[in-house]
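Dear colleague,

Please find below the structure that I am handing over to you. My notes on what was found in it follow directly after.

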Amino acid sequence: MGALRDSIGIREDRFFATVFLGAGLLYVTMLFVFGATAKAFVVTIDALKGSIPPTGLSSYGRHLTISLLTEYAPLPAPAHAPPPLTV
């Protein structure tokens, strides 16, 4: 983020800077939420190892953590990727 802002330099307006910083902070926050959610489900499954876990608990946890990672905090596109084709 810093390299991109540095290359824009003086032409950067305050609104763009605010939105850019907010998006970066939101991305990092969602990565922490993903990690905490994944850890919570792993700890819950380990705690219920002696008993039968509720039906669908592991599939719900897997679906929730994958959704958080892929929908709310997707990986940024690489800089060398070509633009998508439009028809």
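K49 is exposed, with a relative accessibility of 65%; here exposed means over 50% relative accessible area, buried under 20%, and partly exposed in between (1.4 Å probe, protein chains only). The partner of K49 in a salt bridge is D46, with 3.8 Å between the closest N and O atoms. D46 counts as partly exposed at 44%. The structure holds one salt bridge, a term that requires a side-chain nitrogen of Lys or Arg within 4 Å of a carboxyl oxygen of Asp or Glu.

Please note that this is a predicted model, in which local features need pLDDT of at least 70 and side-chain atom pairs count only at pLDDT 80 or more, while totals for chains, interfaces and linings use all residues. Residues are numbered from 1 along each chain as its sequence is written, and side-chain values use heavy atoms, with hydrogens and water left out.

There is also one aromatic pair in the structure. The ring centres of F41 and Y60 are 5.8 Å apart and the planes stand at 75°, so the pair is edge-to-face. For such pairs of Phe, Tyr and Trp (its six-membered ring), the centres must lie within 6.5 Å; planes under 30 degrees apart count as stacked, over 60 as edge-to-face and the rest as tilted. F41 is buried at 18% relative accessible area, whereas Y60 is partly exposed at 48%.

Finally, S67 is buried, at 13% relative accessibility. The side chain of S67 reaches the backbone oxygen of H63 at 2.8 Å.

With kind regards

Conventions. A polar contact is a pair of N or O atoms within 3.5 Å; within protein, one must be able to donate a hydrogen and the other to accept it, and residues adjacent in sequence count only if both atoms are side-chain atoms.
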